[in-house]
2 protein chains.
Amino acid sequence: MNSNSPIGVFDSGVGGLTVAREIMRQLPHESIIYFGDTARVPYGNKSADTIITYSKQIAHFLMKQDVKAIVIACNTASALALEALQQEITIPIIGVVEPGAKAALKATRNNNIGVIGTEGTINSDIYTKFLKAQNPAINVHKKACPLFVPLVEEGMLKDPVTDEMIRRYTKDLIDLNIDSLVLGCTHYPLLRNAIHNILGDSITLVNPAYETAISLGETLKEHNLLTTNAEANHVFYVSDGADKFKEFAGTILPCNVVEINDIHNIETYN
Amino acid sequence: MNSNSPIGVFDSGVGGLTVAREIMRQLPHESIIYFGDTARVPYGNKSADTIITYSKQIAHFLMKQDVKAIVIACNTASALALEALQQEITIPIIGVVEPGAKAALKATRNNNIGVIGTEGTINSDIYTKFLKAQNPAINVHKKACPLFVPLVEEGMLKDPVTDEMIRRYTKDLIDLNIDSLVLGCTHYPLLRNAIHNILGDSITLVNPAYETAISLGETLKEHNLLTTNAEANHVFYVSDGADKFKEFAGTILPCNVVEINDIHNIETYN
């Protein structure tokens, strides 16, 4: 394995770009190969079997590009496919769930942690399992928020309709006295300000993207895989709609998204 | 071809069940084989190439089940893939766009027709092309409504948030003096009451599902393919999540959804 190889990052679509953004900020010399599965997005309401099949195909595609590590920049795929991938793949592979959960454990003072995400992530109970395993005294209160992704993709980041849905989705969690809330879907950090305005300062918002980039840096260091390259070179692949992806990526990433490639046969990478 | 064979009906997911429902009502002796591509839903924001590939796979799957005709119960796939399928397949195949557009032409008195649908359907301009070809004097005013499908899938059929989004999405169309509005996505008939409450009696709502079932009946008669069976027998296939599909189908269809099968290799039907 070459420490100057790129890092593979994948997501069901554009959401994982919030994770790529954190990696670019915290590890500015590392190159990224990003894969967004835009033909089969969203993952949030699909079964575990399907998510594992798709994740394996993408991991094999990334391995063919000689990546030195893989980041599953998608909560649903992290929840449902990380273990299956770890059994198959020998390079370091990390998801967003564990770093996010660890940050929530640090943040809570009253042991009441809230978790919001897609139906797939919430029904998998992955955050609850992980948090309880670390500290059985933790109470985890969770809520699926299926409208948040389409609201973000409509650009309604600051909008009374979005605010109303935030109020509805978080009402029970607030009543249950949570003091920290995991934004358990990679789209949700884009709603961070709106959620903060409604929940106030007393509830700490945990962004797993930020924690994942920290965890990636530690993992690379541990395996002696930090790059010595002076400059990063990022390449993006999508399974559909490169133009639309480029537009959205341009609004999220701190770099120019120069090269986007369409991959129309991702299901053949077995 | 056997007139007692079933009719193949397909959609990206559950939306096409509103079309299946109309076929069951209008042609109660006809059997249906329904395919919902729930693993790859939604189609609305995917490219034409991808939609054509997926539609061909599903049509080939349905052909293997010996269907006598195919209904594309999805506006996006009708808009983007009907022509490609007609070139490959010899049995009658109809989409929802042409019947819907014809009904709008009958309904309008002032020649201002509105069309709402997914991004894919609206950007394809298929309704505009068809309507203008029939009558160049028609003015077509269109609007993509990306939040309607997730709102329906959240069950928010009667809700102030949904009402607010209906008001926003239709405002420009009302200002442009439309007198008929095509519900150009198979989920939208489930919002019919909510849309009617906001738009009032002066705008005729056109449901392509209803018109498609009429058109199917005419096509079958023309080809001498109406069944002589006494009883219909419906079978449902999905590419993911049979249980979730069954639950939703139960709320839409007038029959018991007894048999649902998971098909996990739809991409192999080429």
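Visitor: Why does B:Ser239 count as buried?
Guide: Its relative accessibility is 2%. Buried means under 20% relative accessible area, exposed means over 50%, and partly exposed is in between (1.4 Å probe, protein chains only). B:Ser239, at 2%, therefore counts as buried.
Guide: Two notes before we go on. This is a predicted model in which local features need pLDDT of at least 70, side-chain atom pairs count only at pLDDT 80 or more, and totals for chains, interfaces and linings use all residues; side-chain values use heavy atoms, with hydrogens and water left out. Residues are numbered from 1 along each chain as its sequence is written, while chains are lettered from A and ligands numbered from 1 in the order in which they are written.

Visitor: Where does B:Ser239 sit?
Guide: You will find B:Ser239 in the loop between strand E9 (235–238) and helix H11 (242–252) of chain B. Helices (H or I, at least four residues) and strands (E, at least two) are DSSP runs, numbered from the N terminus.

Visitor: What makes the pairing of the side chains of B:Ser239 and B:Asp37 a polar contact?
Guide: The distance is 2.7 Å. A polar contact is a pair of N or O atoms within 3.5 Å; within protein, one must be able to donate a hydrogen and the other to accept it, and residues adjacent in sequence count only if both atoms are side-chain atoms. The pair at 2.7 Å therefore qualifies. The side chain of B:Ser239 also reaches the backbone nitrogen of B:Thr38, at 3.0 Å.

Visitor: Which residues is B:Ser239 in contact with, leaving aside its neighbours within four places in sequence?
Guide: Among them are A:Thr50, B:Phe35, B:Asp37, B:Asp262 and B:His264. Contact here means heavy atoms within 4.5 Å.

Visitor: How do you know that A:Asn177 is buried, exposed or partly exposed?
Guide: A:Asn177 has a relative accessible area of 48%, so it is partly exposed. This residue is in the loop between helix H8 (160–175) and strand E7 (180–183) of chain A, and has a positive phi of about 65° although it is not a glycine. In chain B, B:Asn111 has a positive phi near 65° and is partly exposed at 24%.

Visitor: What makes E1 and E2 of chain A paired strands?
Guide: Two strands pair if DSSP finds at least two bridges between them. Strand E1 (residues 7–11) and strand E2 (residues 32–36) of chain A are joined by 5 bridges and run parallel, so they count as paired. A:Phe10 stands opposite A:Phe35 in E2(A).

Visitor: Which sheet do these strands belong to?
Guide: They are in an open sheet of 6 strands in chain A, in the order E4-E3-E1-E2-E9-E10, with parallel pairing. Strand E4 (93–95) and strand E10 (260–262) each have a single partner strand, so one side of each is left without a neighbour in the sheet. Neighbouring strands are turned by 20° against each other on average, direction ignored. Helix H1 (residues 17–26) of chain A packs on the sheet, its direction making about 170° with that of E2(A). Axes are lines fitted to C-alpha atoms, for helices over the stretch in contact, and angles run from 0 to 180 degrees between N-to-C directions.

Visitor: What makes strand E5 of chain A mostly covered?
Guide: In E5 (residues 112–117), 6 of its 6 residues are buried. A:Asn112, A:Gly114 and A:Ile116 are on one side, with A:Ile113, A:Val115 and A:Gly117 on the other.

Visitor: How do you know how chains A and B are related?
Guide: Chain A can be laid on chain B with an RMSD of 0.0 Å by a turn of 180° and a shift of 0.0 Å along the axis. The copies are thus related as by a two-fold rotation axis. In chain A, the C-alpha nearest the axis belongs to A:Arg40, 2.5 Å away. The superposition is by least squares on the C-alpha atoms of residues with pLDDT of at least 70 in both copies.

Visitor: What makes a nonpolar core, and which residues touch the most other members of the largest one?
Guide: A nonpolar core is a set of buried Ala, Val, Leu, Ile, Met, Phe, Trp, Tyr and Cys residues joined through side-chain atoms within 4.5 Å. In the largest, of 79 residues, A:Phe148, A:Leu181, B:Phe148 and B:Leu181 touch the most other members. Apart from that core lies another, of 30 residues, including A:Met24 and A:Phe245.
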